[in-house]
Amino acid sequence: RDYRELRREGFEPARGDRIFTFTSARKRMSALSMQGSLPRGSLRSVGSAARGPRLYCKGAAEIILARCSMYSSAGANTRSVLGDVERRSVEEVIAHMARNALRCVCLAHRDLDERTLAQLDRGELGVDSLEADLTLDAIVGIKDPLRPDVPEAVRMCQRAGIFVRMVTGDNIDTAKAIAAECGILTAGGVAMEGPAFRRMTPRELDAVLPRLQVLARSSPEDKFALVSRLNGHALPRDREAWEERHPAPLTWEHDRDRMLPGHYEEWREARGGVAEVVGVTGDGTNDGPALRAADVGLSMGLTGTDVAKEASDIVILDDNFASIVRAVLWGRSVFDNIRKFLQFQLTVNVVALTLTFLSAVTGYDPPLNAVMMLWVNLIMDTMGALALGTEMPEASLLKRRPYRRNAQLVSAVMWRNIAVQSVFQIGLLVYLLLLGGEDFGVEPGSTKHFTIVFNAFVFCQVFNEFNARSIGNQLNVFAGLHRNLLFVGIVVLTVLTQWFIVEYGGDFTRTVALSQE
């Protein structure tokens, strides 16, 4: 039968049935049924014939097991005391399931009397006290198989210099098994549980962070503390902010260097002020603080809550880890394309300004008039941006380490490329400006002379557009050119337009037609 139909039959708020919802801190939920028995056709628990109020509880196996004092005997309508021997046996079953990457859920119940219900109604009894002395009914192992592309996506992230960590509420054994299966937990890596994490001091955590790969049985606060310790963004900056986050009995004088995630001054001294770039995935409402504290917050589009989506920077529409790899690839590609355009544009500016300055110093009229400069600006801005800003991402981008947070937008290698190309172009154009008239048999300073200079200048930029495709030490500037047809089209369009301006611009552009000689 459909579970929704069973829920409608067995749960009636009008008669006093109620739900105690799941939270990441409790790691369990409960349903109070005033009728007690379950609908016909459902999985019936021991004593389901009783008509009294009953609390049904489910949640993390070890959490529920710790609250059980009895267990249901298989195949019999009886309960037995859950002694030490039986408890160890159940714990071994849970551990075995967890080591096989099964998420373990415990099902239990408690029959309630009228006195307990009255205390609950008056507020004298909290839900934690209500979920005690439970009777263990079943241990369920749930297999959540990995998507086939996840292990390869994790390996691609690791090759790209991205440290992948798993932060989960699962049992430590389950988390380790799943992390090992997808390649997150490697030899020498550290797997830790939330309670142990919370007991660490900031200095102790810093020593573990380079090897911390799995954080299990964690809370949203643990994730927030981990992110804050890595990038330093959400750390308290002064005593007032620290005391607001850590109320009494904790004190600034005695506890500021003991409580996670620490404070900014301590973090800056301990880590040299170098913050890591942190990306965080999350889908729950409680993940909001961690998503906001991260440099890049990624929420799940299918299963994520509206709060998580609002707090994130990127929404993964298909909830697939492989999509994060594609986001990294495109992010690196866009950043590199911006650098390529800057390298091209700075070269054009340096050459144009130098050429204009030298022409004025040597007594010539500016060789590039207003119309010519408009055409050069069109090449430099609009066409250059379209040509270099539309380079498609290549797989090789994921084979290098990410740039440092404080990396310069224009790198030293780019400055070298700009300088070499500028010196070459300036040398060529100065030669044409000073000696080109005589060498080409035209009157120095004439329209034809300046047309030659203008034509050479524009074709220098066309050729430099190819050079600007490399912002590193790659010698082959034509690599992958066939995949960017827009680049090829813009170069062809630039050449044809330049030919048209020179041949037919006339008095408007102050150019004359040039022969092959």
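Predicted model: local features only at pLDDT ≥ 70, side-chain atom pairs only at ≥ 80, totals over all residues.
Colleague: Why are helices α17 and α20 called roughly parallel?

Modeller: Their axes cross at roughly 10°. Angles under 35 degrees count as roughly parallel. Therefore α17 and α20 are roughly parallel to each other. Their axes also come within 11 Å. Helix α17 covers residues 370-389, and helix α20 covers residues 447-467.

Colleague: Which residues make the contact between α17 and α20?

Modeller: On α17 they are Met372, Trp375, Val376, Ile379, Met383, Gly384, Ala387 and Leu388. On α20 they are Phe454, Phe457, Val458 and Glu465.

Colleague: How many residues of each class does the contact of α17 with α20 have?

Modeller: Ten are nonpolar, one is polar and one is charged. Gly counts as polar and Glu as charged.

Colleague: What makes Ser411 buried?

Modeller: Its relative accessibility is 18%. Buried means under 20%. So Ser411 counts as buried. Ser411 sits in the loop between α17 and α18. Leaving aside residues up to four places away in sequence, Ser411 touches Arg339 and Ile471.

Colleague: Are Cys157 and Cys182 buried or exposed?

Modeller: Cys157 has 4% relative accessibility and counts as buried. Cys182 has 4% relative accessibility and counts as buried. The cut-off for buried is under 20%.

Colleague: What makes β11 and β13 edge strands?

Modeller: The open sheet has three strands in the order β11-β12-β13, with parallel pairing. β11 (279-282) and β13 (314-316) each have a single partner strand, so one side of each is left without a neighbour in the sheet. Neighbouring strands are turned by 25° against each other on average, with direction ignored.

Colleague: How do you know that β11 and β12 pair?

Modeller: Pairing takes at least two bridges. β11 and β12 have four, in the parallel sense. Gly282 stands opposite Ser299 in β12.

Colleague: Why is strand β3 called mostly covered?

Modeller: Strand β3 has seven residues, and six of them are buried.

Colleague: Which strands pair with β3, among them β2 and β6?

Modeller: Six bridges join β2 (residues 28-33) to β3, and they run antiparallel. Met29 has Lys58 in β3 as its bridge partner. β3 and β6 (residues 102-111) pair over seven bridges, in the antiparallel sense. There, Tyr56 stands opposite His109 in β6. Both counts, six and seven, meet the requirement of at least two bridges.

Colleague: In which sense does β7 run against β4, and in which against β6?

Modeller: β4 (residues 68-72) and β7 (residues 134-143) run parallel, joined by three bridges. Cys68 stands opposite Leu134 in β7. β6 and β7 run antiparallel, joined by eight bridges. Cys106 stands opposite Ile139 in β7.

Definitions and conventions. Residues numbered from 1 in each chain as written. Heavy atoms only, no water. Axes fitted to C-alpha atoms, helices over the stretch in contact; angles between N-to-C directions. Helix = DSSP H or I, 4+ residues; strand = E, 2+ residues; numbered from the N terminus. Parallel < 35°, antiparallel > 145°, perpendicular 65-115°, else oblique. Contact = heavy atoms within 4.5 Å. Buried < 20%, exposed > 50% of the residue type's maximum accessible area, 1.4 Å probe, protein only.
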